[in-house]
Amino acid sequence: MTDNLKPLSTATLTLEDKSYSLPTLMGVEGEKSIDISKLRAQTGYITLDEGYGNTGACESSITYIDGEKGILRYRGYPIEELAEHSRFTEVAYLLLHGELPTVDQLNLFSKRLNESSIIHEDMHHFFNGFPRGSHPMGILATMVASLSTFYPVPDVLDEATEIQIVANLVSQVRTIAAFSYKKSIGEPLVYPSIKYRYVRNFLNMMFSSPVRDYQLDDDIVRAIDMFLILHADHEQNCSTSSVRTAGSSMANVYAVTSAGISALWGPRHGGANQEVIQMLEQIHAEGGDGTEFINQAKDKNSGRRLMGFGHRVYKNFDPRAKVLKKQCDKLLNKPGMNDPLLEIAMRLEEIALKDDYFISRKLYPNVDFYSGLILRAAGIPTNMFTVLFAIGRMPGWLAHWREMLHGKQVTITRPRQMYVGETERHFVDIENR
Ligand code: CMC
C-alpha cells in the first residue's frame with residue numbers, strides 16, 4: 001500500500017457469530033475500498049465477484065475515471081483538454097513518464113520513436129507465412145510476441161534498456177500494423193520515414209506506394225491523432241488487466257503486450273469498433289431506419305447487441321464518444337467526405353436514447369460508436385479498426401506494465417474460485433465405464 005491511499009476506519013464483518021474488522025481506505029479522488037487481502041486467512045471466506053466489477057486489483061496513478069459523472073483523466077489531465085491541445089506522442093510520454101514533456105523531452109522521445117520504427121528485416125518473411133485474408137489482429141499479436149525473439153529482453157532490466165524497449169513497442173506496433181495491411185493487399189512494404197511524425201508516418205506506410213504518392217490530409221492526420229489519444233489508456237479494462245496479469249508472471253514485455261492485443265480483439269472490447277461499422281452497413285443496405293436492429297438488440301434471444309453502446313464503467317456518458325462525435329461531424333462535413341453511415345449512427349443514437357430499454361440500463365454510446373466513421377473517412381479498412389485501437393492503447397499498456405514493475409513488489413495475479421464440479425470420486429477402469 002502506498003501513502004496515497006489514506007486509511008479511513010474499519011468495516012465490521014459478521015460471519016457465523018464472529019466479528020472481524022477490515023481496514024477501509026480512500027484514494028485521492030475520494031474512492032473508498034475495503035481491504036480484504038487478509039480475509040481468507042482470518043475467516044476462511046473468499047469474495048465472489050465475477051468479471052471483477054467490484055474489485056480493485058491494484059493501486060494506480062495513471063488514469064482516473066468517474067463513470068457516473070463521465071470523467072476521464074490521464075495523469076490528472078481531462079481527456080477533453082488533451083484531445084484538443086495535445087498530440088499522441090505527447091500523451092504517450094505523459095502516460096509513460098507521469099508528466100507532460102518539455103520541448104526537449106518531446107523532441108528526444110519523438111527522435112527515439114523514429115529511430116526505433118524499423119523492424120528486423122528477417123521479420124518481413126513472417127508476413128508471407130500468414131494466409132491471405134488473415135485478420136490483422138492475429139498477425140499483430142503474433143508479430144508483437146515474435147519481437148521478443150529478435151530483441152531479447154534481459155532478465156534484469158536497467159532504466160536505459162527499459163526506455164528503449166518501450167520506444168520499440170510504441171513505434172514498431174505501428175510499423176507492423178501498416179506492413180500487415182500492405183501484405184494483405186499484395187503491395188510492397190513501405191518503410192517508416194524520418195521525414196514524418198508518428199501519425200503521418202503510419203498513414204504514409206499504409207497508403208503510399210512506389211507508384212503512388214499519398215497526399216496527407218491535415219484534417220485526417222489530426223482526426224487519427226485524436227483517435228489515438230482517446231484510446232491511449234482506460235485504467236483496468238479487459239486488455240490492460242490482461243497485460244497486468246501476464247506481466248505479473250514476469251513474462252517478457254513483448255509477450256505481455258501481445259496478451260493485451262489478444263484480449264482487445266474481442267467484440268465486447270476493442271473489436272466493437274469494427275462491428276459498429278458492419279452493423280451500420282447492414283442497416284444501410286437493408287434500407288431501414290434502424291428500429292428493426294434496435295428491437296433485435298433488445299431481444300436477448302437474438303444474440304445481438306447494439307454495438308458501440310453500453311460500458312462497464314460509464315453509466316452516464318462516455319466522454320470519449322462526445323469528443324469523437326464532434327470530430328466526426330466536423331470531418332464528414334468537409335466537401336467530398338460525406339458518409340451516409342453518419343446519419344444512420346445519429347438516428348440510431350436518437351432512437352436508443354429515447355428507449356426505456358437503454359435508459360433503464362444506462363446504456364449510452366461508447367468510444368466505438370463514432371470512432372469507426374473517422375477511420376472509414378481516413379480510408380482505413382474495417383478489419384484494421386481494432387489494430388488502430390491497439391496502436392493507441394500501446395502506451396497505456398506499457399505505462400501499466402512499468403507501474404507494476406516499479407511498484408513495491410510484483411504480486412502474481414492469481415484469483416481464487418468457487419468450485420462447483422464433482423466432489424471426490426475414484427478412477428474406474430475403461431471397460432467398466
Ligand atoms: N445492446 C443491448 N443490450 C445491452 C448492450 C447493448 N450494447 N449492452 C448491455 N446490454 C444489456 C445487457 O443485455 C444487460 O441486460 P439485462 O440486465 O437485461 O441482462 C444489461 O444491459 C447489462 O449488460 P452487461 O453485459 O451485464 O454489462 P457489462 O457492464 O458487463 O458490459 C459491455 C459492458 C460494453 C460489454 C456491453 O455493454 C456490450 O456488450 N456493449 C456492446 C459492445 C461494445 O460496444 N463494446 C465496446 C466497449 S467500449 C470500448 C472498450 O473499452 O473496449
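**Figure 1. Strands E5 and E6.** Strand E5 (residues 71-74) and E6 run antiparallel and are joined by two bridges. Strands here are DSSP runs of E with at least two residues, and helices are runs of H or I with at least four residues, both numbered from the N terminus. Arg 73 has Pro 78 of E6 as its bridge partner. In this predicted model, local features need pLDDT of at least 70 and side-chain atom pairs count only at pLDDT 80 or more, while totals for chains, interfaces and linings use all residues. Residues are numbered from 1 along each chain as its sequence is written, and side-chain values use heavy atoms, with hydrogens and water left out.

**Figure 2. The sheet E4-E5-E6.** This open sheet has three strands in the order E4-E5-E6, with antiparallel pairing; two strands pair if DSSP finds at least two bridges between them. Strand E4 (63-66) and strand E6 (77-78) are the edge strands, each pairing on one side only.

**Figure 3. The sheet E1-E2-E3.** A three-stranded open sheet has the order E1-E2-E3, and its pairing is antiparallel. E1 and strand E2 (residues 18-26) run antiparallel and are joined by eight bridges. Leu 13 has Tyr 20 in E2 as its bridge partner.

**Figure 4. Residues around the ligand.** The shell contains 22 residues, of which His 269, Arg 305, Leu 306, Gly 308 and Tyr 357 come nearest; a residue is near the ligand if one of its heavy atoms lies within 4 Å of it. By class, the shell has nine nonpolar, six polar and seven charged residues. In this classification, Ala, Val, Leu, Ile, Met, Phe, Trp, Tyr, Cys and Pro are nonpolar, Asp, Glu, Lys and Arg are charged, and the others, Gly among them, are polar.

Figure 5. A polar contact is a pair of N or O atoms within 3.5 Å. A nitrogen atom of the ligand lies 2.9 Å from a backbone N or O atom of Phe 309. A polar side-chain atom of Tyr 357 is 2.8 Å from a nitrogen atom of the ligand. For Asn 366, an N or O atom in the side chain is 2.9 Å from an oxygen atom of the ligand. The protein covers 78% of the 930 Å² of accessible area that the ligand has on its own, by the Shrake-Rupley method with a 1.4 Å probe.

How values were computed:
Polar contact = N/O pair within 3.5 Å; in protein donor to acceptor, adjacent residues only side chain to side chain.
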